[in-house]
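Subject: Handing over a structure, with notes on what was found

Dear colleague,

I am passing on a structure that you have not worked with before, and I would be grateful if you could look through it with the notes below at hand.

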Amino acid sequence: MTVPTPRARRRALTGVLAAALALPLAACGAEGGDDGDGDGGSGSSAALLPAAEGTTSYPLTLETWAGDTVLEERPERVAVIGFSSNLDALEALDVTPVYALSDEDWEWRDDDYLAGIETVDTATRSDPINVEGIAASEPDLIIALNFLWEEADFERLSAIAPVLENPELVDGTQIDWREPQRRIGEVLDLAAAADTVVEEAEAAIAAVADAHPEYAGRTLTMATDYPETGMDYYTVAGGTAEQVVANLGFAPHPAADEFTEETHVSDELLGRLDGDVLVVGYFDDATREARESSPLFQAIPAVAEGRYAAVDGEDPAAGGNAIWVMRRGASALSLPWALETIADVWLADVELD
């Protein structure tokens with residue numbers, strides 16, 4: 001089945017108005033941020049955000065775990081750093097940032113939207129924060145939800161513009177995707193639009209679950225076998241991955257509580273991976289071959305009885321990018337795609353009696 005993304009569905013509803021609001025600025029290439037007139041594109045800021053709803057009052061204090069910053073007025077030029085879900089949340093609202101990191105070519109992204117970003121930094125989230133590059137884009141808000149861990153980074157960024165981060169320092173693998181979407185919506189005076197994004201994503205998610213009633217009440221364990229560090233339990237209790245499979249109707253696994261503090265699965269604990277379905281992601285053939293040839297792994301009932309699916313994390317055609325969604329990439333845009341991929345690609349050959 002094909003489920004339209006919330007952004008695509010909303011565009012169909014709003015027609016010409018949404019298209020007008022989403023008109024991109026002239027793209028400046030992979031490393032550029034200047035449109036040639038010397039003002040970095042600031043003269044076209046009105047095209048970057050939809051019209052304000054008038055429900056958010058400014059000045060607005062942004063409370064974060066590293067300190068507070070004050071947003072004096074509604075921002076027009078937004079920089080975004082961190083994980084892909086932050087940029088997803090902006091795209092879902094038809095908000096075009098002036099600065100973003102180069103990102104993987106996710107299937108749920110709109111290429112036309114990406115082309116409208118003034119500066120796409122060739123740095124990645126694994127590199128040091130490009131404070132100078134962010135400052136050059138002249139933002140009046142920096143969105144960095146679930147990304148900053150050092151107060152020094154927060155201070156350097158807040159010297160440029162107010163920074164939106166979480167009120168408390170939390171594990172980003174245990175974030176409900178609705179929270180950052182709504183927080184961003186409120187700060188940009190688009191709270192109602194954010195609610196609509198969430199509702200449409202929930203409807204798209206429910207449509208996938210409704211197409212697969214066989215999952216209801218069953219259990220699914222997801223793990224990833226990394227070449228250097230070994231097996232990592234993904235569907236921990238309260239985590240993003242558990243929320244993702246719950247959206248398909250799967251029940252929480254009784255063993256999930258055992259991995260909330262330590263997600264590494266030693267050989268002695270391989271049996272705890274068992275469930276009605278076991279999915280394991282791999283990033284190279286050697287790791288998969290070694291794991292699948294292990295007698296301990298073969299003895300897991302789900303493996304022995306054919307209720308096991310192996311996912312190639314390096315192969316987009318095999319739905320490998322859905323592993324990322326289960327880890328840190330859950331959003332209103334990515335989840336409908338990921339759930340459809342899990343059901344129709346990952347579990348296509350898994351039979352549940």
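Predicted model: local features only at pLDDT ≥ 70, side-chain atom pairs only at ≥ 80, totals over all residues.

The chain has 353 residues, of which 52% count as buried, and its secondary structure comes to 13 helices and eleven strands. Among the contacts in the chain with a separation of 6 or more, 66% are accounted for by residues 24 or more positions apart. The accessible surface of the chain comes to about 15100 Å², and carbon and sulfur atoms hold 50% of that surface.

Helix α6, which spans residues 178-187, and helix α7, which spans residues 191-210, have axes that come within 7 Å and cross at roughly 155 degrees. Angles over 145 degrees count as roughly antiparallel, and α6 and α7 are therefore described as roughly antiparallel to each other. The crossing in which α6 passes α7 is right-handed. On the side of α6, the contact is made by Arg 178, Gln 181, Arg 182, Gly 185 and Glu 186, while α7 contributes Ala 191, Ala 194, Asp 195, Val 197, Val 198 and Glu 202. Sorted by kind, the residues of this contact between α6 and α7 divide into four nonpolar, two polar and five charged.

The second pair consists of helix α8, residues 240-247, and helix α12, residues 322-329, which pack at an angle of about 125 degrees with their axes 7 Å apart. As the range from 65 to 115 degrees is the one that counts as roughly perpendicular, and roughly antiparallel begins over 145, α8 and α12 are therefore oblique to each other. Here the contact is made by Thr 240, Ala 241, Val 244 and Val 245 of α8, together with Val 325, Met 326 and Arg 327 of α12. The residues of the contact of α8 with α12 divide into five nonpolar, one polar and one charged.

After α8 comes Gly 249, whose phi is positive, near 105 degrees.

Two residues also illustrate links between parts of the chain that are separated in sequence.

Ser 84 is found in helix α2 and, at 1% relative accessibility, counts as buried. Although Ser 84 and Trp 324 are 240 residues apart along the chain, their C-alpha atoms are separated by 9.5 Å. Once its neighbours within four places in sequence are left aside, Ser 84 is in contact with Asp 103, Trp 106, Arg 109, Trp 324 and Gly 329.

Gly 82 lies in the loop between β3 (78-80) and α2, and with a relative accessible area of 12% this glycine is buried. Gly 82 and Ser 126 are 44 residues apart in sequence and 9.1 Å apart in space, from C-alpha to C-alpha. Not counting residues up to four places away in sequence, Gly 82 touches Leu 101, Arg 125 and Phe 147.

The peptide bond from Tyr 58 to Pro 59 is cis, with omega near 5 degrees, and Pro 59 is found in the loop between α1 (6-21) and β1 (60-64). Asp 94, a residue other than glycine, has a positive phi, near 60 degrees; Asp 94 is found in the loop between α2 (84-92) and β4 (99-101) and, at 8% relative accessibility, counts as buried. Glu 138 likewise has a positive phi, near 55 degrees, and is found in the loop between α4 (131-136) and β6 (141-143). Is Glu 138 buried, partly exposed or exposed? With a relative accessible area of 44%, Glu 138 is partly exposed.

With kind regards

Methods: Residues numbered from 1 in each chain as written. Heavy atoms only, no water. Axes fitted to C-alpha atoms, helices over the stretch in contact; angles between N-to-C directions. Helix = DSSP H or I, 4+ residues; strand = E, 2+ residues; numbered from the N terminus. Parallel < 35°, antiparallel > 145°, perpendicular 65-115°, else oblique. Left-handed = near helix turned anticlockwise from the far one by under 90°. Contact = heavy atoms within 4.5 Å. Nonpolar A, V, L, I, M, F, W, Y, C, P; charged D, E, K, R; others polar. Buried < 20%, exposed > 50% of the residue type's maximum accessible area, 1.4 Å probe, protein only. Areas by Shrake-Rupley, 256 points an atom, 1.4 Å probe, with all protein chains shown as cover.
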